[in-house]
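Me: Please take a close look at one part of this protein and tell me how it sits in the model. Then go through the other places worth a check.

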Amino acid sequence: MTDSRMGFGQAIEWHRLNGAIAIYGNIVKPAYEIDDASVMDIAPTILHLLGMPVDRKMPGKVLLDAFEEQWVEAHPIAYTSVYDSLFAPTDAAVGPSAADQALKDKLVSLGYVAGGRNALVNLANYYHKNGKYAEALDLYKQLLDEDPGNADVKIGMSNAYSKMGKDDLAVRGLNEVLESDPDNLKALHSLGNIHAERGRGMEALQVAERALAIDAAN
């Protein structure tokens, strides 16, 4: 129940430096032994296998030696620098760009986004995580229209408002969640972060104390 990302949690303390890799499929060389592979090689290799270009800034390499030579010759590696533009925050964004729509269409074709409510939630979270707050906000609003009482969607919307500098709307949304669910730790966490990031130390401390009264070990 801890954050196990490298540098954040405890998993790195017991992970070993060296791991194992195996690739299976009809284009893989039988019994081929892969030497000197890195965890950084996984993403470029998967992108290439999916027919997508590899980001030029990726530190890893495509593990071409593991695949049949005939297939490798017929599928040269394509590279791109476009991925950067998809993740760069922009204040001018008012809706999905052509690049965003192209990526969404690709995700749909690969089955990553299958449609329906869960797909909208995933896409909204994706936009929010990568700084596309206006796009995330549009999807959160759509989700909230379908389910006005959904606390997680309200919290996501409030977090997006906060990142866009609209603190009043962010705080209002979080307070609405807490009015109906006073013990919602996600809402308290977001509210405390907003106060702390804006230099309102006393308010942040009050929210933290309120949260600790609910879960003293948090």
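Reply: Isoleucine 46 is placed in helix 2, which spans residues 42-49. In this predicted model, isoleucine 46 has a relative accessibility of 44%, so it counts as partly exposed; the cut-offs are under 20% for buried and over 50% for exposed. Together with Ile21, Val39, Met40, Ile42 and Leu50, Ile46 makes a nonpolar surface patch of about 520 Å².

Confidence in the protein is highest in helix 2, at a mean of 94, and lowest in helix 4 (residues 83-87), at 56. Over residues 87-94 the pLDDT falls below 50, and this stretch has 10 contacts in the model beyond near neighbours in sequence. Where pLDDT is low, the predicted coordinates should not be read in detail. For the protein, the average pLDDT is 82, and 77% of the residues score at least 70.

Asparagine 150 sits in the loop that runs between helix 7 (133-146) and helix 8 (151-163). Asparagine 150 is buried because its relative accessible area is 18%, and the limit for buried is under 20%. A polar atom of the asparagine 150 side chain lies 3.1 Å from the backbone nitrogen of aspartate 152.

Note on methods. Residues numbered from 1 in each chain as written. Predicted model: local features only at pLDDT ≥ 70, side-chain atom pairs only at ≥ 80, totals over all residues. Heavy atoms only, no water. Patch = residues over 30% accessible without salt bridge, like charges linked within 9 Å, V, L, I, M, F, W, Y side chains within 5 Å. Areas by Shrake-Rupley, 256 points an atom, 1.4 Å probe, with all protein chains shown as cover. Salt bridge = Lys/Arg side-chain N within 4 Å of Asp/Glu carboxyl O. Helix = DSSP H or I, 4+ residues; strand = E, 2+ residues; numbered from the N terminus. Buried < 20%, exposed > 50% of the residue type's maximum accessible area, 1.4 Å probe, protein only. pLDDT = per-residue confidence, 0-100. Contact = heavy atoms within 4.5 Å. Polar contact = N/O pair within 3.5 Å; in protein donor to acceptor, adjacent residues only side chain to side chain.
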